[in-house]
Amino acid sequence: MIPRASLLARLLLWEPGKVEASGREGRFQGRHVKQIRFAGVGSFVPKNTVSNERIAQAIPGWPAERIEEKLGIHERRFLWEFDERTGKAIPPPDDARLYPACNVDMCEVALREALAMGGVAPGELDAVFVVTCSPDQVSFNHDAMAVHQRLGCRQDTFALVIDDGCGGTPYVIDLARRMLEGGTFKTIAVVASSFTSPYLNREVFTSELELASGKKLSGILSMYVFGDGASAVVLRAAEADGSPSGLVASLAGNAHDQLVIHRAGGALNLPFQGRTQPADHAFIVDGLRVARSYPVFMRRCLEEVTGGDPAVLAQVKRFYFHQPNRRLMDRFIQDQGLAPEKVACHVDRYGNTSAAGMMTLLAEDLRQGVVRLGSGDLVLVAAVGANVHYGAQLVRL
């Protein structure tokens, strides 16, 4: 646990170059460190809205009214179109010249906006991490390498895809923070994306998968919940200069619980082996496990990143949480006693955009002037997802 007195004093005095901690994994240690700032944030969300009526017609299971009632989602955004009669995604024609039209395109748009906001040239990036579980191509870091090439990054700039879900962004931000603290890296981009629309397929997402426990699940919930989008944050390290901006506290952690199942694509589930079934190609969310685990790990994030001090939590101007669905979000906010107006949320309009959600929310707030870079506004980012990565950051913008 971070000592309450030292963390609160750091917040009150705005001393971004120093923080004390317990020495547990995932936090700043009690020593002078580099000042690590959010230099720029960007996002992309498709304009194409998909109503509950359309998605329920394409993927039958729940009526539109039940989707709204149970999830609090009334529409989501898809990059690709689909035919609700056949329940299949419609890939854009190869010669359509559409942009953005794929995951790499969305990531590029988001990262270019983040770079422009921060006044950072692509050649200054020391690493580009693309956090996604829905890349255009699954092998050889394809999507990160494509973004690297399009931006004209240096040859020695690392380009890696990190296969992760909803908790991946703060998890990887903490990884980047540790790299920046070491002094070898100065500027790192973390890009996150969700590309759901190409997966839409009635047979795949309505087929059931039987677990070892005998429980049967289908992927209909995933198609009702998820939407497309990308976001990016550029992190920069500098010597502490007394300004208010910088990471105050950061953590990342692992647990082990199968919240989402996606079996296809690996060496053990290749189609020609005869071992796969349609449901293996779906992202299958275990809704009950998510509902049970989300508040547990999110509460852990809040307690650990604030040192468990209500006075620290009270100073936060804006919260950027992972949004599994609106109902779970609202319940967690109420249970934690947080002011709803301080918690950014768009899952009811965009759907769950997985790892992209938190920075998309922050990018929108920055555009609208709700918070400002260089202002010293204190914000908190927290997320948990997949099987299980979780992480959080307390940041003075």
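A crossing of two helices is called left-handed if the near helix is turned anticlockwise from the far one by less than a right angle, and right-handed if clockwise. The structure examined is a predicted model, in which local features need pLDDT of at least 70 and side-chain atom pairs count only at pLDDT 80 or more, while totals for chains, interfaces and linings use all residues. Residues are numbered from 1 along each chain as its sequence is written, and side-chain values use heavy atoms, with hydrogens and water left out.

Helices (DSSP runs of H or I, at least four residues) and strands (runs of E, at least two) are numbered from the N terminus. Axes are lines fitted to C-alpha atoms, for helices over the stretch in contact, and angles run from 0 to 180 degrees between N-to-C directions. Helix α9 (residues 287-306) and helix α11 (residues 326-336) have axes that come within 11 Å and cross at roughly 45°. The two helices α9 and α11 are therefore oblique to each other, because angles under 35 degrees count as roughly parallel, over 145 as roughly antiparallel, 65 to 115 as roughly perpendicular and the rest as oblique. Their crossing is right-handed. Contact (heavy atoms within 4.5 Å) involves residues including Y294 and M298 of α9 and F332 of α11.

A second pair consists of helix α4 (residues 103-118) and helix α5 (residues 142-151), which pack at an angle of about 50° with their axes 10 Å apart. Helices α4 and α5 are therefore also oblique to each other, and α4 passes α5 in a right-handed crossing. Among the residues in contact are L111 and L115 of α4 and A146 and V147 of α5.

Strands of a sheet pair through backbone hydrogen bonds, either parallel or antiparallel. Here, four strands form an open sheet of mixed pairing in the order β14-β19-β18-β17, where two strands pair if DSSP finds at least two bridges between them. Strands β14 and β17 (318-321) are the edges, each pairing on one side only. From one strand to the next, the twist averages 10°. Strand β17 pairs with β18 (residues 378-385) in the parallel sense over four bridges, and Y320 has V381 of β18 as its bridge partner. Helix α13 (residues 357-368) packs on the sheet, touching β17 and β18, and its direction makes about 145° with that of β17.

Residue S245 is found in the loop between β13 (229-238) and β14 (246-254). At 10% relative accessibility, S245 counts as buried, a class defined as under 20% relative accessible area (1.4 Å probe, protein chains only). A polar atom of the S245 side chain lies 3.0 Å from the backbone oxygen of L397.

Notes: Buried < 20%, exposed > 50% of the residue type's maximum accessible area, 1.4 Å probe, protein only. Polar contact = N/O pair within 3.5 Å; in protein donor to acceptor, adjacent residues only side chain to side chain.
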